[in-house]
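Work through the two exercises below with the structure open. Each task is followed by a solution in steps.

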Amino acid sequence: MSDPIPDDPSTPWEPPLAGPEAPQLFGALERLRATFRWKADDLDSAGLQTTIGASSLTLGGLLKHLAANEDYISTVKLTGDPVGDPWAATAWDGDDDWEFSSAGEDAPEELYALYDGAVARSRARIAAALADGGLDRPVHAHLEDGTHASLRRLVCDQIEEYGRHTGHADLLREAVDGRVGEDPPPGWLPATGSFTFA
């Protein structure tokens with residue numbers, strides 16, 4: 001298989017091959033989002049709750065965890081605002097274990113909607129912040145001495161979080177139905193939910 005070509009409409013998740021820093025960073029994040037979503041796509045409850053080995057990690061738990069992460073980074077860490085809905089209406093307390101343990105109680109369509117909505121909200125909030133100061137713009141997240149992180153740091157943290165969990169998703173999806181691969185195949189569109197490409 002040949003490498004995907006940036007700006008090819010059949011691979012909208014592919015980052016630009018060259019250019020300014022912001023499109024490179026956001027392109028890397030979008031490719032990870034699309035790859036993770038492809039790994040988790042079109043599964044029933046049993047598929048979303050499959051575990052491997054001694055781990056209790058599931059694709060459903062990862063969908064919920066990454067949804068919470070998207071909203072938390074783009075509210076609390078970005079501006080200091082509370083996370084708000086849909087999290088305010090749940091028992092979520094910011095503890096990662098809750099996301100993983102409670103996902104088994106959620107229907108697949110709820111998990112896909114939660115994740116897809118969080119990604120859309122996060123994209124909009126981060127794009128507004130980028131337009132209002134660029135990657136060097138200080139954000140609310142800060143050290144005890146008052147040193148604030150930059151928007152660049154938040155984006156790098158998101159890339160790191162997705163890198164870790166997309167690797168988990170690789171293993172889990174292969175255990176469910178044998179789906180393997182580094183990136184979605186050209187032309188892939190989600191069969192479930194409302195995920196869109198940036």
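**Exercise 1.** Determine which residues of helix α3 meet which residues of helix α5, and classify the crossing of the two helices.

Step 1. With contact taken as heavy atoms within 4.5 Å, G60, L63, K64, L66, A67, E70, D71, S74, T75 and L78 of α3 meet L111, Y112, L114, Y115, A118, V119, R121, S122, R125, I126 and A129 of α5. Twelve of the contact residues are nonpolar, four polar and five charged.

Step 2. This is a predicted model, in which local features need pLDDT of at least 70 and side-chain atom pairs pLDDT 80 or more, while totals for chains, interfaces and linings use all residues. Residues are numbered from 1 along each chain, and side-chain values use heavy atoms, without hydrogens and water.

Step 3. The axes of α3 (residues 59-79) and α5 (residues 108-131), lines fitted to C-alpha atoms over the stretch in contact, come within 8 Å and cross at roughly 25 degrees. The two helices are therefore roughly parallel (angles under 35 degrees). Their crossing is left-handed, meaning that the near helix is turned anticlockwise from the far one by less than a right angle.

**Exercise 2.** Classify the ring pairs of F197 with W13 and with W188.

Step 1. Rings pair if their centres lie within 6.5 Å; planes under 30 degrees apart are stacked, over 60 edge-to-face, the rest tilted.

Step 2. W13 and F197 lie 5.5 Å centre to centre with 55 degrees between planes, a tilted pair. These two residues are 184 residues apart in the chain.

Step 3. For W188 and F197, the centres are 6.0 Å apart and the planes at 70 degrees, so this pair is edge-to-face.

How values were computed. Axes fitted to C-alpha atoms, helices over the stretch in contact; angles between N-to-C directions. Helix = DSSP H or I, 4+ residues; strand = E, 2+ residues; numbered from the N terminus. Parallel < 35°, antiparallel > 145°, perpendicular 65-115°, else oblique. Nonpolar A, V, L, I, M, F, W, Y, C, P; charged D, E, K, R; others polar.
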